[in-house]
Amino acid sequence: MGQKYHRQYSFEGNCGQHALVHALGCLGIHISIGDAHRRTGVSRLRAMVEGTNEHALMKGIRRSGCKPLPHLVHGEAKARRIITRYIRRGIPVIILIDDQEHWMVLSGLKGEKIRWIDSVDDRLTGTSAWKTIRMWMEY
């Protein structure tokens, strides 16, 4: 049975929790959106008003039995190397896009394209070339 992805409605503001659910699901750890809120320590209301920061996401990752591997990367070439290295090893990457307002997951490679999961995209999943990912991350 394939991974079940969760759609987020734009007014919800809990893309961080959706990204956590999707990234963990890629690792075979299946939790609900409610579990993601509890593990990050960010309520649904607070997520809607303030969003979810990287510290809360890392807390949710640790509380799920995984080790967060945070990177603040300056430079497109370095970002591409790090992201590609992780997803080739089967480690999903949660990235911040859209002027640092939205979390999504890069989950693997399909040929030269990168597979992604985005809770607000109508398709939920897709593949894109690096130039598109780069644009989303504003490199």
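## Burial and surface

Of the 139 residues in the protein chain of this predicted model, 42% count as buried, where buried means under 20% relative accessible area, exposed means over 50% and partly exposed lies in between, with a 1.4 Å probe and protein chains only. The accessible surface of the chain comes to about 8,200 Å², and 50% of that area belongs to carbon and sulfur atoms; the areas come from the Shrake-Rupley method with a 1.4 Å probe, and for residues only the protein chains shown count as cover.

Local features need pLDDT of at least 70 and side-chain atom pairs count only at pLDDT 80 or more, while totals for chains, interfaces and linings use all residues. Residues are numbered from 1 along each chain as its sequence is written, and side-chain values use heavy atoms, with hydrogens and water left out.

## Fold and dimensions

The protein chain contains six helices and four strands, which follow one another along the sequence as α-α-α-α-α-β-β-β-β-α; these are DSSP runs numbered from the N terminus, helices being H or I of at least four residues and strands E of at least two. The radius of gyration is 14 Å, close to the 14 Å that the globule rule gives for 139 residues, so the chain is as compact as a globular protein of that length; the radius is taken over C-alpha atoms, and the rule is 2.2 Å times the number of residues to the power 0.38.

Along the principal axes, the C-alpha atoms fill a box of roughly 35 × 35 × 30 Å. Among contacts (heavy atoms within 4.5 Å) between residues at least 6 apart in sequence, 42% join residues at least 24 apart.

## Nonpolar cores

A nonpolar core is a set of buried Ala, Val, Leu, Ile, Met, Phe, Trp, Tyr and Cys residues joined through side-chain atoms within 4.5 Å. The largest one has 17 residues, and those with the most contacts inside it are Ile 83, Val 93, Ile 95, Leu 106, Trp 130, Ile 133 and Met 137. At least two residues of this core are supplied by each of helix H5 (76-88), strands E1 (93-97), E2 (102-110) and E3 (113-117), and helix H6 (130-136), with H5 giving the largest share, five residues.

Leaving aside residues up to four places away in sequence, Val 93 touches Ile 83, Tyr 86, Ile 87, Met 104, Val 105 and Leu 106.

## The loop residue Glu 112

Glu 112 is placed in the loop between E2 and E3 and counts as exposed, at 70% relative accessibility. Between Glu 112 and Trp 130, which are 18 residues apart in sequence, the C-alpha to C-alpha distance is 8.2 Å.
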